[in-house]
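This report goes from the overall fold to single residues. The sequence and the model are shown first.

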Amino acid sequence: SSAQIGVTGLAVMGRNLARNFARNGYAVAVHNRTPARTHTLVEEFGHEGTFVAAETAKEFVAALERPRRLVIMVKAGEPTDAVIEEFAPLLEPGDMIIDGGNAHFADTRRREKALREQGIHFVGMGVSGGEEGALHGPSIMPGGPRESYDSLGPMLEKISAKAKDGSPCVTHVGPDGAGHFVKMVHNGIEYADMQLIGEAYQLLRDVAGYTPAQIAEIFRTWNTGRLDSYLIEITAEVLSHVDAATGKPFVDVVVDQAEQKGTGRWTVQIALDLGVPVSGIAEAVFARSLSGHAALREASRGLAGPKATPMSEAEAAAFADRVEQALYASKIVSYTQGFHEVAAGSEEYGWNIDLGAVSAIWRGGCIIRAAFLDRIRAAYDARADLPSLLSDETFAREIADAQDDWREVLIAATRQGVPTPGFAAALAYYDALRAERLPAALTQGQRDYFGAHTYRRTDRDGSFHTLWGGDRSEVSA
Ligand code: NBP
């Protein structure tokens with residue numbers, strides 16, 4: 001028993017995570033259901049560090065020093081349960097199972113509870129950054145029992161991405177499913193970011209008339225400012241790429257139907273359960289789903305749209321600046337919504353999640369890494385119980401400065417018939433939150449009319465009902 005950590009499940013993610021541990025000086029036991037993967041790993045990368053190849057579950061467990069730390073990196077869902085069932089009987093109290101897959105946090109809660117009864121520490125660990133991140137440093141979101149972090153944390157801190165200030169992009173997020181919950185919301189925010197960037201691209205193309213190559217340059221410029229982020233950077237790369245076979249912009253030869261694996265959808269489903277308005281994330285999920293309805297889109301091709309009005313060069317340049325403002329303001333709103341969901345999940349499940357720490361570990365390694373997250377961290381550092389990111393003075397001021405352009409962009413989009421569900425949902429959320437009065441008062445009146453659902457009054461405590469079918473007098477309910 002010589003390995004400090006073990007990884008089972010050696011597809012792209014597991015293999016790279018195992019190599020990352022080994023490159024950082026840890027002896028790593030490696031195992032995979034199909035042993036060929038294990039041998040390939042050791043043959044190809046054995047020189048990078050100390051690997052202990054195990055063919056069977058027994059060998060694997062025997063290779064680990066105690067308390068054992070066993071990382072599972074298999075397909076989420078049933079395979080994870082299968083692996084836990086195989087290994088748990090071989091473990092002893094105090095040992096640790098760490099699930100680095102994209103598990104649903106409810107599954108993580110169930111598994112943590114079952115394993116706790118056997119004295120095994122179960123750590124649901126969100127990992128972001130794709131295969132490159134797994135190898136060079138991902139953002140890591142471990143949940144599970146606090147004490148497991150005492151021994152696991154330092155190892156994770158070593159292999160994780162580092163933020164610009166050098167701090168590791170990992171923290172103990174909270175008990176049981178907290179880590180996977182936060183990873184889920186990370187992915188939801190990622191969907192929203194990608195949708196907003198997509199809308200910006202489409203506006204620059206269809207309203208301003210720029211080519212993909214010109215838009216790539218615009219994104220490159222944006223990436224030197226407050227939008228500086230991994231997603232903006234790769235957007236410029238994708239837009240400037242030319243298809244070798246046709247000589248056309250790559251983006252024009254790709255089928256425009258976006259796929260999804262499910263974490264964005266979960267974010268919205270859970271938000272609905274928690275009653276958190278994540279309209280921007282929901283629009284991003286729906287936009288992908290709409291894009292995939294090929295037959296429906298085909299059937300709708302001939303529907304009427306507005307007449308196109310081309311822009312002059314000067315108008316286009318001014319419009320591009322406005323789009324940057326709209327994108328930035330919408331981004332603030334989607335992060336506001338995402339952090340609201342994390343706060344609501346934390347409250348519902350008693351996780352006590354530190355929102356500032358969450359934004360700090362997203363600064364490096366993960367897909368949504370961005371300079372922007374430093375500002376979110378600063379906002380929560382200044383006030384840990386911030387009711388919403390929009391209540392932070394800096395963000396409020398930035399939106400105040402951006403809002404005229406944001407509205408202009410949506411007017412232009414509407415006039416030219418360019419769909420901008422993300423920008424529009426973000427602005428509607430902003431306007432609704434700041435509104436003095438909402439039509440919800442009318443909704444309450446309607447509900448009371450048809451269903452005697454009662455309402456509260458602005459001037460007195462209590463619940464009331466109007467006798468709509470009678471003399472319309474009011475009674476206390
Ligand atoms: P996959 O999700 O493609 O899973 C393949 C691995 O699962 C192989 O090692 C396979 O073993 C193993 N496996 C399966 Br499938 N069923 C099994 C079973 N019943 N018992 C034991 N092993 C089983 O791998 P991945 O893309 O490396 O992702 C691993 C995890 O990391 C997933 O949960 C994924 O959602 C998550 N994740 C992925 C990314 C990413 O960018 N790809 C990012 C973040 C998180 P075999 O070799 O014997 O078939």
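The text below covers the whole chain, one annotated span and a few residues.

This is a predicted model, in which local features need pLDDT of at least 70 and side-chain atom pairs count only at pLDDT 80 or more, while totals for chains, interfaces and linings use all residues. Residues are numbered from 1 along each chain as its sequence is written, and side-chain values use heavy atoms, with hydrogens and water left out.

**Overall fold**

The protein has 20 helices and nine strands. Helices (H or I, at least four residues) and strands (E, at least two) are DSSP runs, numbered from the N terminus. The protein is as compact as a globular protein of 477 residues, because its radius of gyration of 25 Å is close to the 23 Å given by the globule rule. That radius is taken over C-alpha atoms, and the rule is 2.2 Å times the number of residues to the power 0.38. The C-alpha trace spans about 80 × 70 × 45 Å along its principal axes.

Of the 477 residues, 49% count as buried. Buried means under 20% relative accessible area, exposed over 50%, and partly exposed in between (1.4 Å probe, protein chains only). The accessible surface of the protein comes to about 22400 Å², and 51% of this belongs to carbon and sulfur atoms. Areas come from the Shrake-Rupley method with a 1.4 Å probe; for residues, only the protein chains shown count as cover.

A contact means heavy atoms within 4.5 Å. Among contacts between residues at least 6 apart in sequence, 66% join residues at least 24 apart.

**Annotated span**

An unreviewed UniProt entry annotates residues 179–469 as "domain: 6-phosphogluconate dehydrogenase C-terminal". UniProt positions are given in the numbering used here, feature names are shortened, and annotations may be inferred rather than shown by experiment. Residues 179–469 are 66% helix and 1% strand, and the end C-alpha atoms of the span lie 53 Å apart.

**Backbone geometry**

Most residues other than glycine have a negative phi, and most peptide bonds are trans. The peptide bond from Arg 66 to Pro 67 is cis, with omega near -10°. Pro 67 lies in the loop between α3 (57–62) and β4 (69–72).

**Single residues**

Which residues does Thr 108 contact, leaving aside its neighbours within four places in sequence? They are Ala 103, Phe 122, Gly 124, Asp 176, Gly 177 and His 180. Thr 108 itself lies in helix α5 (residues 105–116) and counts as buried because its relative accessibility is 0%.

Gly 247 is placed in the loop between α10 (230–240) and α11 (250–253). Its relative accessibility is 52%, so Gly 247 counts as exposed. From C-alpha to C-alpha, Gly 247 and Ala 343 are 48 Å apart in space, with a separation of 96 residues in sequence.

His 39 belongs to helix α2 (residues 35–45) and is partly exposed, with a relative accessible area of 32%. Its C-alpha atom is separated by 7.1 Å from that of Ala 53, 14 residues apart along the chain.
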